[in-house]
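The following paragraphs lead the reader through a predicted model. Please keep the sequence and the structure in view while reading.

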Amino acid sequence: MPDMPSTTVTRVVNPQVLRKYRLEHLDEPCEICERRPGTDPHHVLFRSHGGGDVEDNLLWLCRHCHDDLHAGRIDRHTLG
């Protein structure tokens, strides 16, 4: 039987980038609602799918919008 290719995705985790991103965006509004302070970095391409802790892959969201996004109440495909 031939070897099956690995389906394991390597996650790019960089805590220093997340800390830097947090400090740079401290006190900025949520990138979705713009009403509440952004407190959560959201990965556009989830880390579990290979997305990295890089600024181009992060959105700064309030807890409410972050929860709504993950629950499917906000269409993630409309985010840029």
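Helices in this account are DSSP runs of H or I with at least four residues, numbered from the N terminus. In helix α2, D67 and R63 lie four residues apart, about one turn of the helix. Their side chains meet in a salt bridge, with N to O at 2.8 Å. D67 is partly exposed, with a relative accessible area of 35%, and R63 is also classed as partly exposed, at 45%.

R63 has a further partner: its side chain meets that of D40 in a salt bridge of 2.6 Å, N to O. Because D40 belongs to strand β1 and R63 to helix α2, this pair ties together parts that are 23 residues apart in sequence. D40 is buried, at 9% relative accessible area. The whole structure contains four salt bridges, among them one between R73 and D68, whose closest N and O atoms are 2.7 Å apart. Here R73 is exposed, at 58%, whereas D68 is buried, at 13%.

Strand β1, residues 40-43, also holds H42. H42 is buried, with a relative accessible area of 4%. Beyond its neighbours within four places in sequence, H42 is in contact with N57, L58, L59, L61, H66, L69 and H70.

In soluble globular proteins, nonpolar side chains tend to be buried together. The largest nonpolar core here has eight residues: C30, C33, L59, L61, C62, C65, L69 and I74. Strand β2 (58-61) and helix α2 (63-71) each give two or more residues to this core. Within the core's membership, C33 touches C62 and C65, leaving out residues up to four places away in sequence.

Terms used. Residues are numbered from 1 along each chain as its sequence is written. This is a predicted model: local features need pLDDT of at least 70, side-chain atom pairs count only at pLDDT 80 or more; totals for chains, interfaces and linings use all residues. Side-chain values use heavy atoms; hydrogens and water are left out. A nonpolar core is a set of buried Ala, Val, Leu, Ile, Met, Phe, Trp, Tyr and Cys residues joined through side-chain atoms within 4.5 Å. Buried means under 20% relative accessible area, exposed over 50%, partly exposed in between (1.4 Å probe, protein chains only). Contact means heavy atoms within 4.5 Å.
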